[in-house]
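Subject: Structure handover

Hello,

Here is the structure I promised to pass on. Please open it first, then read my notes below.

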Amino acid sequence: MRILAIESSCDETGAAVVEKKDNQITVLSNILATSSDMHAATGGIIPENAAREQVKVIIPVIVEALLTSTKAGGEKQQDASSWKTAGQVLRNEIDAIAITYGPGLIGSLLIGVETAKTLSLVFNKPIIPVNHLLAHIYANYISVINHSPSTIHHPYIGLIVSGGHTDLLYFKSHNDYEWLGGTRDDAAGEAIDKIGRMLDLSYPAGPEMEKRANIVKTPSIKFQSPMINSNDFDFSFSGLKAEVMRYVKKVSTNDTKLQNPQKFDANLKNQICYSTQKAITDVLVKKTINAAEVYNCKTILIGGGVSANQKLNKEFKLKIENLKLDIEVFAPGKTYATDNAAMIGAYALMNGKEKNWKDIKSNPELYFV
Ligand code: KG4
Ligand code: ZN
């Protein structure tokens with residue numbers, strides 16, 4: 001089965017062609033346009049701006065994904081003839097359309113959902129609505145080099161760590177899963193981005209925070225890992241943000257005021273990045289492994305933008321080794337950890353259910369249903 005998948009829940013517009021053959025999920029094309037530069041200027045996403053950018057790029061992104069998935073190739077310069085060829089690819093080679101219907105920003109979601117419904121109607125293709133959060137976990141089913149999803153077995157624990165969400169789930173099977181806990185305030189990625197803004201890091205801040213943290217050989221600051229000893233599966237990251245802010249204020253001199261983080265000493269910035277990253281990864285690793293032990297799971301799947309963090313991945317392996325546990329951790333790798341359309345296709349291929357296009361509605365508040 002071959003699927004055209006579309007993702008437009010936030011500031012990324014993605015389209016991918018994904019195929020399932022012999023139990024392997026292969027990505028034939030995966031195109032992403034992002035308006036993150038625009039949001040870097042405002043220090044966060046303004047929903048109306050994100051939606052306007054989605055409108056501009058959604059058709060070209062879908063056309064490029066369709067053309068790239070075949071020998072036709074994905075020319076950058078699209079014209080009427082390349083659009084026509086893309087239409088032929090959709091008509092002749094695609095079995096169904098998968099679309100993110102929530103959660104996310106309503107304006108952004110509407111653009112993807114209404115586009116997918118229109119294509120479904122015009123090209124007479126079944127449509128499969130996909131929960132963006134579950135898709136972050138299902139990104140792990142995509143076959144890539146050195147990663148064999150055929151070894152993923154239920155039951156497993158899923159950890160979603162993205163810009164908007166931090167959730168722990170217990171999957172008994174594809175359709176039988178339980179939400180164990182989540183953040184009570186900021187998501188892990190949200191805390192990283194807000195702290196990054198204090199430090200004048202590039203937006204989103206995760207990749208630069210990781211790079212700076214890697215430079216630190218002798219850590220000199222320690223921030224608390226919020227809720228690390230609480231006897232539940234919940235998280236909280238807004239206190240960490242406040243702790244970092246207090247620290248920054250304390251060490252600010254007349255020259256390096258909070259309003260002027262560009263003037264911070266690079267080493268100080270690196271140290272704050274290291275300690276922020278450590279406080280976050282420590283609690284994510286501890287609670288996720290706890291959940292795996294309590295629910296007797298030998299597999300953990302992580303997903304979402306923060307799961308691209310190599311230190312997080314290493315800490316999982318290290319802790320499992322130290323505790324001599326028989327648990328395997330899967331992460332999707334950078335391309336499929338952050339928002340993308342291929343993961344939407346992966347979910348549709350593993351567990352998707354077709355719906356009549358008339359019954360599909362964008363749902364910004366969609367959670368785990
Ligand atoms: O999953 P995602 O692309 O979008 C949402 O669904 O929210 O996640 C974006 C988040 C941002 O907060 C970003 O700073 C974080 O993922 N992120 C990282 C890394 N790459 C992206 N956080 C830590 N380390 C990274 N390497
Ligand atoms: Zn996401």
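Start with Ile300. Leaving out residues up to four places away in sequence, Ile300 touches Ile157, Thr288, Ile289, Ala292, Phe316, Ile327, Glu328, Val329 and Phe330. Bear in mind that this is a predicted model.

Ile300 belongs to the largest nonpolar core, which has 45 residues. Which residues touch the most other members of that core? They are Ile157, Ile272, Ile300 and Phe316. Several elements each supply at least two residues: E6, E7, helix H6 (188-198), helix H8 (238-251), H9, E9 and helix H10 (310-322). H9 gives the largest share, 11 residues. There is also a second, separate core of 35 residues. Among its members are Tyr141, Leu169, Phe330 and Ala348.

Next, the sheet. Five strands make an open sheet with mixed pairing, in the order E8-E7-E6-E9-E10. Strand E8 (177-182) and strand E10 (328-330) are at the edges. Each has a single partner strand, so one side of each has no neighbour in the sheet. From one strand to the next, the twist averages 20°. Helix H9 (residues 266-294) packs on this sheet. H9 touches strand E6 (156-161), E7, E8 and strand E9 (299-303), and its direction makes about 155° with that of E6.

Look at one pairing in that sheet. Strand E7 (residues 166-171) runs antiparallel to E8, and five bridges join the two. Leu168 stands opposite Gly181 in E8.

Now go to strand E4 (residues 96-102). Is E4 enclosed or open? Seven of its seven residues are buried, so E4 is largely enclosed by the rest of the structure. Strand E1 (residues 2-7) pairs with E4 in the parallel sense, over four bridges. There, Ile6 has Ile99 of E4 as its bridge partner. E4 also pairs with strand E5 (residues 127-131), again in the parallel sense, over five bridges. Gly102 has Asn131 of E5 as its bridge partner. Between E4 and E5 the chain passes through helix H4 (residues 106-123), and this β-α-β crossover is right-handed.

Val89 is worth a stop. Val89 lies in helix H3 (residues 80-93). Its relative accessibility is 5%, under the 20% limit, so Val89 counts as buried. Apart from neighbours within four places in sequence, Val89 is in contact with Leu66, Ser69, Thr70 and Ile94. Ile46 is 43 residues from Val89 along the chain, and their C-alpha atoms are separated by 35 Å.

On to the aromatic rings. How many aromatic pairs are there? The count comes to eight. In one of them, the rings of Tyr156 and Phe171 have centres 5.1 Å apart and planes at 40°, so the pair is tilted. Tyr156 is in strand E6 and Phe171 in strand E7, 15 residues apart. Phe171 also pairs with Tyr177. Here the centres are 5.2 Å apart and the planes are at 35°, so this pair is tilted as well. Tyr156 and Phe171 are buried, and Tyr177 is buried too. Elsewhere, Tyr138, Tyr141 and Tyr347 form one aromatic cluster.

Last, some backbone points. Most residues other than glycine have a negative phi, and most peptide bonds are trans. These are the exceptions to check:

- His154 and Pro155 are joined by a cis peptide bond, with omega about -5°. Pro155 is in the loop between helix H5 (132-138) and E6.
- Tyr203 and Pro204 are joined by a cis peptide bond, with omega about -10°. Pro204 is in the loop between H6 and helix H7 (206-215).
- Asn23 has a positive phi, near 65°. Asn23 is in the loop between strand E2 (12-21) and strand E3 (24-34). With 64% relative accessibility, Asn23 counts as exposed.
- Asn124 has a positive phi, near 55°. Asn124 is in the loop between H4 and E5. With 67% relative accessibility, Asn124 counts as exposed.

Best wishes

Key
Residues are numbered from 1 along each chain as its sequence is written. Chains are lettered from A and ligands numbered from 1 in the order in which they are written. This is a predicted model: local features need pLDDT of at least 70, side-chain atom pairs count only at pLDDT 80 or more; totals for chains, interfaces and linings use all residues. Side-chain values use heavy atoms; hydrogens and water are left out. Two strands pair if DSSP finds at least two bridges between them. Axes are lines fitted to C-alpha atoms, for helices over the stretch in contact, and angles run from 0 to 180 degrees between N-to-C directions. Contact means heavy atoms within 4.5 Å. Buried means under 20% relative accessible area, exposed over 50%, partly exposed in between (1.4 Å probe, protein chains only). A crossover is right-handed if, with the strands pointing away from the viewer, the path from the first strand over the helix to the second runs clockwise. A nonpolar core is a set of buried Ala, Val, Leu, Ile, Met, Phe, Trp, Tyr and Cys residues joined through side-chain atoms within 4.5 Å. Rings of Phe, Tyr and Trp (its six-membered ring) pair if their centres lie within 6.5 Å; planes under 30 degrees apart count as stacked, over 60 as edge-to-face and the rest as tilted.
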